[in-house]
Number of protein chains: 2
Amino acid sequence: TFTNHVTQRVLNVDTMNPNVKRIEYAVRGPVVQRAVQIEKELKEGVKKSFTEVIKANIGDAHAMGQKPITFFRQVIALCVYPDLLEDKFPEDAKNRARRILQACGGGSLGAYSASSGIEVIRQDVAKYIEKRDSGIPSNPDDIYLSTGASDAIVTMLKLLTAGEGKTRTGVMIPIPQYPLYSAALAELAAVQISYYLDEDKCWSLDVGELRRAVKAAREHCNPRALCIINPGNPTGQVQNRQCIEDVIRFAAEEHLFLMADEVYQDNVYMEGCQFHSFKKVLFEMGPEYSSVVELASFHSTSKCYMGECGFRGGYMEVINMDPEVKLHLTKLVSVRLCPSIPGQALLDLVVNPPQPDEPSYATFIKERTANLHILSEKAKMTEQVLNTVPGIHCNPVQGAMYTFPRLTLPEKAINAAKEQEQAPDMFYCMKLLEEMGICLVPGSGFGQRDGTYHFRMTILPATEKLKIVLEKIREFHKRFTEEFS
Amino acid sequence: TFTNHVTQRVLNVDTMNPNVKRIEYAVRGPVVQRAVQIEKELKEGVKKSFTEVIKANIGDAHAMGQKPITFFRQVIALCVYPDLLEDKFPEDAKNRARRILQACGGGSLGAYSASSGIEVIRQDVAKYIEKRDSGIPSNPDDIYLSTGASDAIVTMLKLLTAGEGKTRTGVMIPIPQYPLYSAALAELAAVQISYYLDEDKCWSLDVGELRRAVKAAREHCNPRALCIINPGNPTGQVQNRQCIEDVIRFAAEEHLFLMADEVYQDNVYMEGCQFHSFKKVLFEMGPEYSSVVELASFHSTSKCYMGECGFRGGYMEVINMDPEVKLHLTKLVSVRLCPSIPGQALLDLVVNPPQPDEPSYATFIKERTANLHILSEKAKMTEQVLNTVPGIHCNPVQGAMYTFPRLTLPEKAINAAKEQEQAPDMFYCMKLLEEMGICLVPGSGFGQRDGTYHFRMTILPATEKLKIVLEKIREFHKRFTEEFS
């Protein structure tokens, strides 16, 4: 081919990293980009049948009006500007701030920390895990603080990726999945091994399906890791203890490294459901498993009752990791120096919140309870309203922050979408956005069984707004079905 | 080979990502790890000939006692805990905080931003660049906020990496270099093309050497990018305008993407030296170059007069980037959601500091000037004292935060190091640490001409402490030379 150095760029779509080209990330994909455009049009005075775009595409609680936890913000403000320690703040907030600052280089949030995070905070994380897991020990040396959970998940996938062709690392991920996983695997050129959650059984995980998937994958790659998202994103299910045991047994049998994405561990709404950490279940299964199965579990400041996404705080705990690999992991995270110190400080407050004998306790509990209660109400309301719409089937939102309902779409709509070279649920979500100003993410962005269609919607809009969203979806779905019948 | 699933881990040094294994990162390497151990030993009461370890291994100003800029911290505290807007704070700090909060989702630092950063802040960055570059226009759509500069540098290298074997992307980096570059290239399995800075000419960059390096590299890879660090890390030189023009012309001729690491742009100490941005020089060279040469330049909140490393704020500006590649870049950064919002907010203050008519101006200028003045004094003192030591040769510290002096080591010391399978300057730095409690980084971690030996030392310790450091190095070097003579 003719190469003209003057007009052709060094970096163009033909010469760029092909792995990056293959990445897809629907949570901020075309629908969201169009939503941002529409917002600008509205601002410029363009007339629409709605006056604002309601974004239910991303688990961003504060953007949807949830208020920060007062204690958390007080402590961070004190850390940022220690002159405030002379001002009127609760004593426990001041003590917490002093303790964090003492652990910072030069007593400032502006210093780098150790690459795996501030030691005191890693100790607090370990204590938090021990308490959560009924006393099963946690070692601060197994804790790596991170920039949100995403950072740690990508780091683990990076460590695990090796080999070429048939020996290339394969990683099992649920379908539907949170697209960070498929994006990271595409970037690393690792092999994605899809296992399907059972929509008819409330998106539960079936070990038979894991077996099918791993067996098929062994034909063409080297399956080395199994990713679990519990509570589920985008599917909202909460795994029961038995299921987790089965998964751990499966991982041991098939010699797979377990990655447990547990960032929604406080977001369990449904009666009878309970969060069980993989770590706890693993250790309760006895040394036959707990001394062998390799596990990394992930947590974040972005979800649960606090929703502090913007601080990019998180951690992972690694269990049974090879000590030499840990040295390489520490070296790998060193290259990026350290996670944001305000994010680390915020994580410290999440794992070490006010205690019953401290002055901020009552307010803290009130705020936390209220946030979780409202989420729980909205989870129920979402399921109830969507299930009244003919052509929408919605599993209970047992946990997390999303619903992933199935859509029955008329044949004509599916054909119309194909004509526009769009996935049918992308076509649906785009029309919903244009006509109603509701921004959702098409199910195709998360993966789904062929011939089924879904969208992901967060339950985060304020109650009154959520009612409007659900009402508009009902109205739109009826009209859409009629239009294409 | 026999595989025992019960005892052999899924993830071990034989099965882990071989690219990660190859990474080296000396700034937090063995010397620093030993320094941390020694600190623990001192705490536990182990007797040494020193009472504290002085760390001059990393550009971490606050850890070395530099105080944060008051205005910056006031505004961030107001953003973190907006109740403080009712309190006594300067009006300009309050206005700045309100403006930032208004640009945040739900008016909270806890919301995600657009993946390329908050729009208002990207606009402020563009204005800052325009002002810095004497009015040459900057487009907010070319600005991507990042998690420190490291994040953006790795992202650009990732985009540029493609091909296999002889067509694999090669990236030119200076030797000595900041090891982020070699680490990122190792991780991406891109080819490192070393070009040597001229120590005898004050670490200046010679285009003849660039030509030699690229010509040799074309035999075995596809050179596609040229990285420049100016002011230099670890070498402390400041490039003159002529040199930058020559580099740009070379990049145009050789069809290379330019990456300009300009995080030390305010750190210029030497009379007659001045910072010239690559962007400005490129545009002053006229459309023949400015419409063709692809450039990414990087900046950070971590260095200069503020030294806010812990906030992990930064940005890059991309010039002449292919519009389709920009879409892929935006998608790529979306997967990690967004840079830390406190870091973005801090960056906003760096690019939009108090103005002469604002109440915080006087204090701000006083603090900034003092910080830069002290750095300048320390740069001079470091050069002067080290050059009084026979066997140490130190170029002037024209800018940045480091000196990279050359060591004359006795043959016996070199042999002793080889016996321990250590690089001679690693051997030297380890002994210096054990005997004196001074933590530096061996030159071998940055790259150097074969047969030469160096260390990198920051000029950041407080003046009185820096005097001690320099005095101890003098004493140690004398003793070391005698011991091995």
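Terms and their grounds

Me: Across the interface of chain A and chain B, how many salt bridges does the rule find?

Reply: In this predicted model, the rule finds eight salt bridges across the interface of chain A and chain B.

Me: What makes the pair of Asp322(B) and Arg9(A) a salt bridge?

Reply: The closest N and O atoms of Asp322(B) and Arg9(A) are 3.9 Å apart, and the rule asks for a side-chain nitrogen of Lys or Arg within 4 Å of a carboxyl oxygen of Asp or Glu; the pair therefore counts as a salt bridge.

Me: What else is found across the interface of chain A and chain B in the way of polar contact, and which helices supply the side of chain A?

Reply: There are 46 residue pairs in polar contact, both residues being at pLDDT 80 or more. On the side of chain A that touches chain B, the helices that each supply at least two residues include H1 (18–22), H3 (70–80) and H6 (148–160), as well as H12 (323–334) and H13 (341–351). By class, the residues of that side divide into 46 nonpolar, 25 polar and 22 charged.

Me: How many residues does the contact take from each chain, and what area is buried between chain A and chain B?

Reply: The contact takes 93 residues from chain A and 93 residues from chain B. The area buried between the chains is about 7700 Å², of which carbon and sulfur atoms give 60%. In chain A, the residues that lose the most area to chain B are Val10(A), Leu11(A) and Tyr112(A), together 10% of what that side buries.

Me: Why is the relation of chain A to chain B called that of a two-fold axis?

Reply: Chain A can be laid on chain B with an RMSD of 0.0 Å by a turn of 180° and a shift of 0.0 Å along the axis, and that is why the relation is the one of a two-fold axis. Within chain A, the C-alpha nearest the axis belongs to Ala77(A), at 2.3 Å from it. The same surface serves both copies, since 100% of the contact residues of chain A recur in chain B.

Me: Which domains does the assignment give for chain A, and what area is buried between domain 1 and domain 2 of chain A?

Reply: The assignment gives domain 1 (18–65 + 365–483) and domain 2 (95–351), with C-alpha centres that lie 27 Å apart. The contact takes 37 residues from domain 1 and 38 residues from domain 2 of chain A. The area buried between these domains is about 3200 Å², with 57% given by carbon and sulfur atoms.

Me: What makes Arg406(A) and Glu199(A) a salt bridge?

Reply: Their side chains meet at 3.2 Å, N to O, and the cut-off is 4 Å, so the pair qualifies. Between domain 1 and domain 2 of chain A the count is two salt bridges, and 20 residue pairs are in polar contact, both at pLDDT 80 or more. H14(A) gives the most to the side of domain 1 that touches domain 2, with six residues.

Me: Why does the pair of Glu39(B) and Lys55(B) count as a salt bridge, and where do the two residues lie?

Reply: The closest N and O atoms are 3.3 Å apart, and because the limit is 4 Å, the pair counts as a salt bridge. Glu39(B) is in helix H2 (residues 30–43) and Lys55(B) in strand E1 (residues 54–55) of chain B, 16 residues apart, and the pair links distant parts of the chain.

Notes: Residues numbered from 1 in each chain as written. Chains lettered and ligands numbered in written order. Predicted model: local features only at pLDDT ≥ 70, side-chain atom pairs only at ≥ 80, totals over all residues. Heavy atoms only, no water. Contact = heavy atoms within 4.5 Å. Buried area = accessible area lost by both parts, 1.4 Å probe. Polar contact = N/O pair within 3.5 Å; in protein donor to acceptor, adjacent residues only side chain to side chain. Helix = DSSP H or I, 4+ residues; strand = E, 2+ residues; numbered from the N terminus. Nonpolar A, V, L, I, M, F, W, Y, C, P; charged D, E, K, R; others polar. Least-squares fit on C-alpha atoms with pLDDT ≥ 70 in both. Domains from an automatic or database assignment.
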